[in-house]
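Here's a quick look at one strand and the sheet around it. Have the model open while you read.

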Amino acid sequence: MQRPAVIVLGFVGLLVAAAVVLQTGLWVEVLGTGEYEQGTVTVHDNTMPETATPVSCDRSPNATEVVACADSRQLATVTVNISDNSRQRYVGLSETESLGPDEGMLFVHDDEGQHTYVMRNMSFPIDIIFIDANGTITTIHHAPTPPEGEQYSEQYPGYGKYVLEVNRGWTNRTGVEVGDRVELPPEVA
């Protein structure tokens, strides 16, 4: 075999190995996820029942954190682990056995945009809540656990800079809906 062919085959083999490592998540086992910061997320109702008009919310100077929503009703507060790097976002809640009633994980993306989540190795169902850069809920999915024997089968797309994962049914129990406003932890602002 000629030397250029060996180099090309070696390069192709390296690319295949890298693809396998990335797809299977082996890189996370080697590098780890690091420590999670913790914070609190509070959701405020975006409309008042008497008027059914949107509530005006004051914003912090960087426009990523709701500081106060005049006349809004606080719907729920959840304590979160903050997932703000690619390794933490890849693992997500897959290494978590369960969540308390008001616990969750807040995923922070570098940019606002379209993101897709899956239930990789999940052992319990969750609500997946997409939040735009201004703190408005754009999409809510109620995701069941994957069928037995499947790593994940369903994809859950949405638009936002942040994604909040909590126990399935949390949004129904608390009355949280698309359009509601989210007060984010100062650590992510």
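Strand 8 (residues 155–167) is mostly covered, with 10 of its 13 residues buried. Buried here means under 20% relative accessible area, against over 50% for exposed and in between for partly exposed, using a 1.4 Å probe and protein chains only. Strands are DSSP runs (E, at least two residues), numbered from the N terminus.

Keep in mind that this is a predicted model: local features need pLDDT of at least 70, side-chain atom pairs count only at pLDDT 80 or more, and totals for chains, interfaces and linings use all residues. Residues are numbered from 1 along each chain as its sequence is written, and side-chain values use heavy atoms, with hydrogens and water left out.

| Partner of strand 8 | Bridges | Sense |
|---|---|---|
| Strand 5 (residues 103–118) | 11 bridges | antiparallel |
| Strand 6 (residues 126–131) | six bridges | antiparallel |

Zooming out, the open sheet has seven strands in the order 7-6-8-5-4-1-9, with mixed pairing. Strand 7 (137–143) and strand 9 (181–183) each have a single partner strand, so one side of each is left without a neighbour in the sheet.

Technical notes
Helices (H or I, at least four residues) and strands (E, at least two) are DSSP runs, numbered from the N terminus. Two strands pair if DSSP finds at least two bridges between them.
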